[in-house]
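Welcome! Take a moment with the sequence and the model below, and then let us walk through them together.

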Amino acid sequence: MAEPQSRSALAPQLHELVWVALGAVPGAWLRWQAAALDWAGGGNVLVNVAGACLLAFLVGRGVGSRVQLLLGVGFCGSLTTF
């Protein structure tokens, strides 16, 4: 039978989850606002292009893991897939 993860092993995973959640909230809010404006269907394209450009910029710059989690996974993820 497998042993449950210790608290010390779980703490870094929870910190990563917090970074993703902090980025996801404003990304989802912006996506929701773009959908509410309904720019003749262009809002969806606009947020997807903006999210893709920001993600490409982050990857190209080689930012640190916390910034990747916050902006790449959290913000861009929720902005483009709300």
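What follows is a short tour, from the whole chain down to single residues. Please keep in mind that this is a predicted model. The protein chain has three helices and zero strands, and the order of its elements from the N terminus is α-α-α.

**Confidence**

- The average pLDDT of the protein chain is 86, and 83% of the residues score at least 70.
- Helix 3, which covers residues 65-81, has the highest confidence, at 93, while helix 1 has the lowest, at a mean of 88.
- A word of care: where pLDDT is low, the predicted coordinates should not be read in detail.

**The chain as a whole**

- The protein chain has 82 residues, and buried residues make up 18% of them.
- How many of the contacts between residues at least 6 apart in sequence join residues at least 24 apart? In the protein chain, the share is 72%.

**The nonpolar core**

- Five residues form the largest nonpolar core: Ala34, Val47, Phe75, Cys76 and Leu79.
- Helix 3 gives the largest share of this core, with three residues.
- Val47, one of the core residues, is in contact with Arg31, Ala34, Leu79 and Thr80, if its neighbours within four places in sequence are left aside.

**Phe75, a closer look**

- Is Phe75 buried or exposed? Phe75 counts as buried because its relative accessibility is 16%, under the 20% cut-off.
- Phe75 has its place in helix 3 and also belongs to the largest nonpolar core.
- Which residues does Phe75 touch, not counting those up to four places away in sequence? They are Gly23, Ala24, Pro26, Gly27, Leu30, Leu54 and Leu70.
- Gly23, one of the residues that Phe75 touches, is 52 residues from Phe75 in sequence, yet their C-alpha atoms are 4.3 Å apart in space.

**Helix 1 and the surface**

- Helix 1 spans residues 7-37, and Ala21 is found in it.
- Ala21 has a relative accessibility of 38%, so Ala21 counts as partly exposed.
- Ala21 and Val73 lie 52 residues apart in sequence, and the distance between them in space is 9.2 Å, C-alpha to C-alpha.
- Leu17 is also found in helix 1, and Leu17 counts as exposed because its relative accessibility is 53%, over the 50% cut-off.
- Together with Leu10 and Leu14, Leu17 makes a nonpolar surface patch of about 270 Å².

Methods: Residues are numbered from 1 along each chain as its sequence is written. This is a predicted model: local features need pLDDT of at least 70, side-chain atom pairs count only at pLDDT 80 or more; totals for chains, interfaces and linings use all residues. Side-chain values use heavy atoms; hydrogens and water are left out. Helices (H or I, at least four residues) and strands (E, at least two) are DSSP runs, numbered from the N terminus. Buried means under 20% relative accessible area, exposed over 50%, partly exposed in between (1.4 Å probe, protein chains only). Patches are made of residues with over 30% relative accessible area and no salt bridge: like charges are joined within 9 Å, nonpolar side chains (Val, Leu, Ile, Met, Phe, Trp, Tyr) within 5 Å. Accessible areas come from the Shrake-Rupley method with a 1.4 Å probe; for residues, only the protein chains shown count as cover. A salt bridge is a side-chain nitrogen of Lys or Arg within 4 Å of a carboxyl oxygen of Asp or Glu. Contact means heavy atoms within 4.5 Å. pLDDT is the predictor's confidence in each residue, from 0 to 100. A nonpolar core is a set of buried Ala, Val, Leu, Ile, Met, Phe, Trp, Tyr and Cys residues joined through side-chain atoms within 4.5 Å.
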